Every structure is written in C-alpha cells, then in structure tokens.
Amino acid sequence: MQTRLEVDYNEFKNIDALDEKILSALMIDARVKWAALADKFGISAPAIADRVRRLEKAGLIVGYTAQLDALALGFDLTAFVSVTLSHPQHRASFIDYVQENPAVQSCHHVVGEGDYLLKIRCRNTAELEHLLSEELKALPGIVQTRTTISLRSLKDTTVISLSTPELEPDAPDL
C-alpha cells in the first residue's frame with residue numbers, strides 16, 4: 001500500500017458512484033465477499049475485485065483492520081493531549097516517537113492551541129502519567145502539554161461519509 005505522501009490525488013477524480021458504493025460497503029465490513037458485493041451492485045465478482053485493486057492502487061484504500069473493543073481489552077482511559085513544540089527542529093523526533101508508540105492512536109498537526117493533538121489509549125491513569133511525565137515530556141523541544149480525559153466515547157468511527165447531502169430546494173444559500 002502507498003503512504004499518503006505517495007498518493008496521486010488526481011487519481012481520486014476518477015472514481016464513480018459504484019466506486020463510492022464499494023468503498024462505503026468496505027468501510028462497514030472489510031471482510032465482505034466479492035460475490036456478495038457483486039450481487040448487491042449487479043456486476044461480476046471479478047469486476048468488483050478489479051475495482052477494489054484499482055482503489056487500493058490509487059491510495060483510496062490504505063489498509064484493512066479489525067476493530068477491537070478497547071474497554072473489553074482493559075484500555076479504560078482515552079486522553080486527548082495537546083502538544084506544543086518550542087521549534088520545528090524538534091518535529092522529527094516528536095513524530096518518530098508518535099509513530100513508534102502504540103498508545104498514541106492518532107496524531108493531528110493542528111492550528112489553534114498547541115501544535116499537535118494526540119489521541120491516547122491507556123489502561124489507567126498511572127499508564128497515562130508515565131507516558132506524559134517520563135516519555136512525552138522527556139522529548140527534546142516539548143514546551144507544553146495539555147491533557148483532556150474522556151469520560152465516555154459517544155461516537156468513535158473510521159467511516160467517512162462519501163455522499164454529499166443535497167441542499168433542500170428552498171434552503172437559503174450559506
């Protein structure tokens with residue numbers, strides 16, 4: 001699979017409504033059989049497989065994963081940590097740390113308060129304290145962290161809405 005930096009985003013312009021339907025179906029169930037998609041969309045299983053391979057090659061599908069129940073596995077704590085770096089020269093070591101640390105589920109370069117926003121999953125507050133105090137704050141160039149602990153996740157999905165909602169005919173232009 002390609003990394004996001006290697007993807008030719010012009011290729012994305014070549015997807016059609018069937019590609020969008022296939023992508024939507026795979027987001028919900030990546031283990032669905034080609035034959036089931038073929039029946040659902042009225043084309044052959046080999047044609048579905050060819051389209052999926054093309055979508056993978058184009059970089060629209062970047063991987064397949066199993067969604068696990070973090071709470072059932074003992075990861076009871078979700079925290080969002082805003083990180084401020086003192087200088088861009090420290091970015092590479094910070095990004096290396098983020099990429100290597102399995103507790104960091106996502107990292108976003110942001111505008112606003114802080115430079116990066118991390119989503120972290122831990123088993124408990126002691127694990128989070130160690131990660132923040134002994135690991136993250138020990139990195140060169142970390143000026144500040146601000147942590148928010150989630151009490152409960154009401155929605156946490158990887159599904160992207162591919163369809164654009166139509167404006168109602170009488171809706172005012174925004």
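How many bridges join β2 to strand β3? There are 5, and the two strands, the latter covering residues 116–122, run antiparallel. Before I continue, a note on the source: this is a predicted model, in which local features need pLDDT of at least 70 and side-chain atom pairs count only at pLDDT 80 or more, while totals for chains, interfaces and linings use all residues. Residues are numbered from 1 along each chain as its sequence is written, and side-chain values use heavy atoms, with hydrogens and water left out.

Helices (H or I, at least four residues) and strands (E, at least two) are DSSP runs, numbered from the N terminus; two strands pair if DSSP finds at least two bridges between them.

The open sheet has 4 strands in the order β2-β3-β1-β4, with antiparallel pairing. Because β2 (104–109) and β4 (142–150) each have a single partner strand, they stand at the edges, and one side of each lacks a neighbour in the sheet.

Now the helices, where contact means heavy atoms within 4.5 Å, and angles, from 0 to 180 degrees, are taken between N-to-C directions of axes fitted to C-alpha atoms, for helices over the stretch in contact. Helix α4 (residues 91–100) lies across β1 (77–85), β2, β3 and β4, at about 25 degrees to β3. Helix α5 (residues 125–136) also packs on the sheet, touching β1, β3 and β4, and makes about 15 degrees with β1.

Finally, the cysteines. Cysteine 107 stands opposite leucine 118 in β3. With a disulfide defined as a pair of cysteine sulfur atoms within 2.5 Å, the count is 0.
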